[in-house]
Amino acid sequence: MMISNQQIRLAAEYRASPCGFGCSGLRESRQVSPEFLERMVTHVRELPDVREDRVAHGRVLVEYAMPSSGELAAKLIGRLVSDSIR
């Protein structure tokens, strides 16, 4: 999954906030129904391990221009920030 710079910024702001966006108190507790969770698990298990369209797109990109080390580092750090709020 690709992540935009805006998503990275929002994730960093969320991490910096004591209780998330628009905090006016504690975050409300959210419960997920077992049926919904089971449907999501089933859906994820049916997804392919490798998305051939993304691999083909990556090959095209590599053939023409590699990203700069700064761009690569920014995306890696952004991914870490985003993944840390999960």
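Analyst: Helix 1 passes helix 4 in a left-handed crossing, a term used if the near helix is turned anticlockwise from the far one by less than a right angle, clockwise being right-handed. Helices here are DSSP runs of H or I with at least four residues, and strands are runs of E with at least two, numbered from the N terminus. The model is predicted, so that local features need pLDDT of at least 70 and side-chain atom pairs count only at pLDDT 80 or more, while totals for chains, interfaces and linings use all residues. Residues are numbered from 1 along each chain as its sequence is written, and side-chain values use heavy atoms, with hydrogens and water left out.

User: At what angle do the axes of helix 1 and helix 4 cross?

Analyst: Two packed helices are described by the angle between their axes and the distance between the axes. Here the axes of helix 1 (residues 5-16) and helix 4 (residues 69-84) cross at roughly 45° and come within 9 Å. The two helices are therefore oblique to each other, given that angles under 35 degrees count as roughly parallel, over 145 as roughly antiparallel, 65 to 115 as roughly perpendicular and the rest as oblique.

User: Which residues in helix 1 and helix 4 meet?

Analyst: With contact meaning heavy atoms within 4.5 Å, N5, I8, A11, A12 and R15 in helix 1 meet A74, K75, G78, V81, S82 and S84 in helix 4. The residues of this contact divide into 5 nonpolar, 4 polar and 2 charged.

User: How far apart are A12 and V81 in sequence and in space?

Analyst: A12 and V81 lie 69 residues apart in sequence, with 6.2 Å from C-alpha to C-alpha.

Conventions: Axes are lines fitted to C-alpha atoms, for helices over the stretch in contact, and angles run from 0 to 180 degrees between N-to-C directions. Ala, Val, Leu, Ile, Met, Phe, Trp, Tyr, Cys and Pro count as nonpolar, Asp, Glu, Lys and Arg as charged, and the others, Gly among them, as polar.
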